[in-house]
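Trainee: Can we go through this one together? I'd like to start with what is buried.
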Amino acid sequence: MAKKSKKRRKKHIGLKIQIVIICIVLAGLAYYYLGGYGKQVASMHQEAVEFVKNSNEDTFKSSLTSEVYDDNGNCIARLSGEKNSYYVKIEDIPIEVKSAMISTEDKKFYSHGGIDYKAIARAVIAMIKNGEVTQGGSTITQQLARNVFLDNSKTWQRKLEEIFIAKELEKKYSKDEILEFYLNNIYFANGYYGIEAASLGYFSKDVEYLTLSEIAYLCAIPNNPTTYDPVTNPKNTERRRNLILENMANDNWITHAEMIAAKEEEIELKRPKKKFNNYAETFIYYCATRRLMELDGFVFKYSFENDEEKEEYDNEYSEKYSEMSKRLYTGGYRIYTSIDLSMQKDLQNSIDDSLDSFTEKNDEGVYELQGAGVCIDNSNGMVRAIVGGRKQEYEGYTLNRAFQSFRQPGSSIKPLIVYTPSLERGYTPDTIVHDGYIEDGPENSNGTYSGDITLRTALMWSKNTIAWQLFDELTPEVGLNYLLNMEFSKIDKEDYRLPAALGGFTNGVSPLEMTSAYAAIENDGIFREPDCIRRIETSDGEELFSYDGSGKEVYKKNASRMMTSMLESVILDGTGQDMELYGIPAAGKTGTTNDNKDGWFVGFTRHYTTGVWVGYDMPRELPGLQGSTYPGSIWKDFMLKENKDLKVVDFLDYSE
């Protein structure tokens with residue numbers, strides 16, 4: 001009987017305490033109502049209702065970190081906007097994380113309705129006494145409300161709206177959902193939001209692999225991310241870790257023995273080193289952004305009726321690209337690419353080694369002589385390596401010349417707009433053409449003429465006179481239309497003239513465009529947009545985009561095979577004969593512009609197509625620069641590395 005009486009008295013005292021607390025809260029609210037704040041409070045309540053009413057799971061995933069993977073499935077970059085954040089479902093979060101947070105931040109989480117009235121009472125008393133909010137008392141639900149919907153200002157209005165939102169959240173969502181939202185949004189210092197981001201950021205592993213001690217260590221941070229920052233104040237973090245472990249033991253979440261063992265565990269941060277793959281990353285972000293643009297309904301265009309149409313398109317493109325680029329950094333995407341970092345390193349080394357004797361730098365410390373290269377996998381049309389310049393130590397990203405620079409292609413353009421189109425129209429490699437003087441026409445590079453020669457020979461020795469005559473016969477409109485069909489982006493209305501046959505363009509072409517066009521020739525005339533994005537998934541694993549590699553026919557099959565045979569002759573017996581790959585069938589073409597300002601070599605085996613450009617960012621003469629010199633040596637060095645262990649495969653024969 002005595003025990004029952006004692007329990008009854010405790011219950012009675014507890015009830016009195018709750019009544020007193022409620023009275024204090026009501027008195028505090030009344031104080032402000034009588035002070036003329038009634039309408040403001042009502043407005044805040046209505047706003048809280050609308051906040052929660054319009055919320056869903058995506059509201060709590062507003063800024064997630066995207067991840068980029070190479071061809072082997074290794075994470076090579078993480079993209080985050082203002083927040084470095086990942087989202088983990090509640091069932092995938094270790095129970096120790098949940099219990100650590102509940103024990104320390106909100107012991108009554110599973111029993112209250114979003115508000116801890118005792119804590120609120122203390123805060124109200126302090127508020128009345130000091131004229132501002134000086135104490136916490138926020139539950140996990142209130143902290144979630146503040147983190148997602150409000151700011152951190154210490155005003156009574158913000159505190160009251162926090163309460164209103166918390167109450168609404170408890171009505172709409174289950175306790176587990178609220179805890180899931182909270183653990184994915186709470187701040188863990190150093191830009192990490194959510195337990196998964198903190199786990200990766202401090203220990204380089206997923207949350208599911210953390211030890212009990214590491215979990216408690218991380219859960220110490222959110223209470224005061226500055227005071228308990230494990231990078232700058234590790235001792236503070238360790239002390240709070242121990243307090244959390246004690247709380248967990250006292251609340252029977254863990255045993256006393258587990259607490260002791262966790263306290264004794266030495267914490268060693270293992271923060272991931274920044275992996276910086278300048279040229280690969282910039283191209284990946286470009287491709288991924290364009291894929292997101294497509295998913296959002298944007299249609300890419302490469303030809304226009306007039307300047308006004310082009311200007312309007314450029315403005316729409318710029319606006320949409322900017323919008324999707326931001327989304328790329330906050331959408332929590334998983335981006336799987338075709339980039340092979342081993343090939344990337346090989347291509348970078350080939351460029352650097354070939355140009356290492358050129359040490360002149362500009363005022364910013366950037367090498368003046370530059371090179372760029374692209375390698376495409378012929379089996380699927382995807383970019384495996386892309387290098388936009390010589391390797392240097394930079395702060396941030398730099399110009400990626402492989403797809404952002406447009407230069408005059410010289411004779412390397414001839415197979416694309418002159419020879420292959422002519423082969424589609426009745427010419428063959430054995431057709432006889434006449435190499436001779438043309439009034440008001442071009443000279444050959446060596447200043448001599450050969451008379452009657454085959455079309456194959458004309459290409460082998462890059463005869464300007466033959467290219468000029470064939471292009472005149474085709475018309476520039478017909479020839480340049482092939483480039484438009486292969487998505488060359490800088491074709492200008494002034495390019496529709498005969499000098500284009502020799503590479504004379506207003507804006508020029510990029511190494512990426514040239515490489516993808518030559519890859520179309522190797523692929524029996526089927527052009528595939530040069531891309532490195534295999535697929536894009538949401539953070540939940542939903543597939544948004546998948547590269548199909550189907551392509552479209554730009555050249556006829558037989559014409560492409562005849563062109564391949566002629567390009568083989570360029571390497572075996574023509575201007576590119578120094579680029580022979582020692583028994584590996586290869587086809588390619590040199591390109592050199594006037595005054596040796598730009599040098600190109602673009603060619604392929606059955607396995608890979610690679611294009612290389614060498615020149616100065618501000619075009620000027622480089623004595624000795626030809627397609628067969630620095631560009632050719634880079635191409636050969638790289639292609640020997642990538643093809644040496646692959647099966648030797650001959651090119652397919654054409655029909656006579």
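Mentor: First the term: buried means under 20% relative accessible area, exposed over 50%, and partly exposed in between (1.4 Å probe, protein chains only). Helices (H or I, at least four residues) and strands (E, at least two) are DSSP runs, numbered from the N terminus. This is a predicted model, where local features need pLDDT of at least 70, side-chain atom pairs count only at pLDDT 80 or more, and totals for chains, interfaces and linings use all residues. Residues are numbered from 1 along each chain as its sequence is written, and side-chain values use heavy atoms, with hydrogens and water left out.

Trainee: Which residues of α15 are buried?
Mentor: Lys414, Pro415, Leu416, Ile417, Val418, Tyr419, Thr420, Pro421, Ser422 and Leu423. That is 10 of the 10 residues of the helix (414–423), so α15 is largely enclosed by the rest of the structure.

Trainee: What covers them?
Mentor: Among the elements in contact (heavy atoms within 4.5 Å) are α17 (464–474), α18 (476–485), α20 (557–573) and β14 (587–592).

Trainee: Which residues have the most contacts inside the largest nonpolar core?
Mentor: Leu416, Tyr419 and Leu483, in a core of 88 residues. Helix α11 (residues 278–295) gives the most to this core, with eight residues. A nonpolar core is a set of buried Ala, Val, Leu, Ile, Met, Phe, Trp, Tyr and Cys residues joined through side-chain atoms within 4.5 Å.

Trainee: And what does Leu483 touch?
Mentor: Leaving out residues up to four places away in sequence, Leu483 touches Ile413, Leu416, Ile417, Phe488, Ile491 and Phe505.

Trainee: Is Cys219 buried or exposed?
Mentor: Buried, because its relative accessibility is 1%. Cys75 is also buried, at 17%.
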